[in-house]
Amino acid sequence: MIRLIFLFVVLGLGLFVGTQFSGQQGYVLISIANKTLEMSVTTLVIFIIALLAALFGLEYLFKKLMYASSTTWNWFSVRKLRRSRRYTNEGIIKLLEGDWKAAEKKVTRWANHHDVPLLCYLVASEAAQGQGDTSKRDKYLELASQQEDSYLAVELTRAKQLVRENQYEAAFDTLQTLQNKYPNNGIALNLLKTTYVQLKLWQPLIDLMPRLVKGKVVSNEEAAELSQRAQCGLLSDVAHQQGSEGLIAHWNGLPKKVKQDSHLVGCFVKQLIERKADAEAFTVLKESINKHGNAELYSLLPKLNLADPHPLNVMLEKIIKKDANNAEAHSALAQQYFKQELWEESQQHFEEALKARSNVSDYAYLSDTLQKQNLTSAAHEVSRKALTLAQSS
């Protein structure tokens, strides 16, 4: 548009000058080396205007040609991009359907033309994993890692694949590196939780728990369950490494809230019993039962191998005097009497326990107690009840 205006201005000036100097066209001489060129001023002006018009025309044609070639190139590029996206979408569907081979073929066919080739290589890696081809899986991950801003997606994919393959040591290394850069990533935290559990890294799992809860990776109930499992596992590790003395020292160093958990008290007592520290186990059980009266702990009392069982018997008798319907106390005392071969007393307390609730183990003990007293018919009847209860369970 500017060029057209310029040409019209030049033409207008030419017409104006021409009318002013009509009949006086003037004379122009151009000499170059041995050649001369003669013309009137009017002819020179017309020539210059024609030359400018020709140049502007050539420029216009050149731009049109460039635009046409660019449009053609863009059309082919867009066509390739659309096709690549279509193949990638189809490949993702095939991946979800479990057709690993077709998924790999589709996403890699036009990956170079996709606007996000990272997605293509990650899907291809998952497809190769599904086929059990680890070399291809790693090759696609390597290609994916060469893409821009690919680190997090590639490493998370790698970690998930290693966890699925039960390669927890390798997954641990990958996840530890991820944790340094992305400490609050939910997927990484969940994978790290699984890895810690499988590798029995209990202390790191305990340390990780606040972040798991804060990131809503686990619910409060799941966190409590995991914490119990981790604390029990840690007690077992300490017991194996440091014996009963180290175990007791570790327990004494735990927070008061942790030591009030009846399930953990049970884990602690079991480890003490395994290491022949029955007297210390009895002290812990007695204190915990007197404070909380948890039914789970009563079942551990008969497992104690005490030099003098009398204090244990007295403790249980006192509990029964306070609560005659305490089935777990009756059962524990009955088992104590059974070990001491006091058959009548054992029978009495097993029967009291079974009045309050049914229990296959107590029925079996009661049957044995009756057999010891030569009450064969009654023993068979109790055995049938135990069998019926076991089958219904």
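**A walk through a predicted helical chain**

Threonine 88 is buried, because its relative accessible area is 2%. Buried means under 20% relative accessible area, exposed means over 50%, and partly exposed lies in between, with a 1.4 Å probe and protein chains only. Threonine 88 sits in helix α2 (residues 41-97). Helices (H or I, at least four residues) and strands (E, at least two) are DSSP runs, numbered from the N terminus. Apart from neighbours within four places in sequence, threonine 88 is in contact with Val107, His114, Leu119 and Cys120. Contact means heavy atoms within 4.5 Å.

The model is predicted: local features need pLDDT of at least 70, side-chain atom pairs count only at pLDDT 80 or more, and totals for chains, interfaces and linings use all residues. Residues are numbered from 1 along each chain as its sequence is written, and side-chain values use heavy atoms, with hydrogens and water left out.

Now the whole chain. It has 19 helices and two strands. Of its 393 residues, 35% are buried. Take the contacts with a separation of 6 or more: 49% of them join residues 24 or more positions apart.

Next comes helix packing. Two packed helices are described by the angle between their axes and the distance between the axes. Axes are lines fitted to C-alpha atoms, for helices over the stretch in contact, and angles run from 0 to 180 degrees between N-to-C directions.

Start with helix α4 (residues 117-130) and helix α5 (residues 134-145). Their axes come within 8 Å and cross at roughly 165°. The two helices are therefore roughly antiparallel to each other. Angles under 35 degrees count as roughly parallel, over 145 as roughly antiparallel, 65 to 115 as roughly perpendicular and the rest as oblique. The crossing of α4 and α5 is left-handed. That term applies if the near helix is turned anticlockwise from the far one by less than a right angle; clockwise is right-handed. From α4, the residues that meet α5 include Leu118, Tyr121 and Leu122. On the α5 side, Tyr140 and Leu141 are among them. The residues of this contact divide into nine nonpolar, two polar and two charged. Ala, Val, Leu, Ile, Met, Phe, Trp, Tyr, Cys and Pro count as nonpolar, Asp, Glu, Lys and Arg as charged, and the others, Gly among them, as polar.

Move on to helix α17 (residues 343-356) and helix α18 (residues 360-372). Here the axes come within 9 Å, with a crossing at roughly 150°. That makes α17 roughly antiparallel to α18. This crossing is left-handed. Trp343 and Phe350 are among the α17 residues in the contact, and Tyr363 and Leu366 are among those of α18. Eight nonpolar, three polar and three charged residues make up the contact of α17 with α18.

Threonine 195 belongs to helix α8 (residues 186-199). Threonine 195 is buried, because its relative accessible area is 0%. Beyond neighbours within four places in sequence, its contacts are Val163, Tyr168, Ala171, Phe172 and Leu175.

Last, the disulfide. A search of the whole structure finds one. The term covers a pair of cysteine sulfur atoms within 2.5 Å. Cysteine 232 and cysteine 267 form it, with their sulfur atoms 1.9 Å apart. Cysteine 232 lies in helix α10 (residues 220-252) and cysteine 267 in helix α12 (residues 262-274), so the pair ties together parts that are 35 residues apart in sequence. Both cysteine 232 and cysteine 267 are buried. Their link is right-handed, with 75° about the S-S bond.
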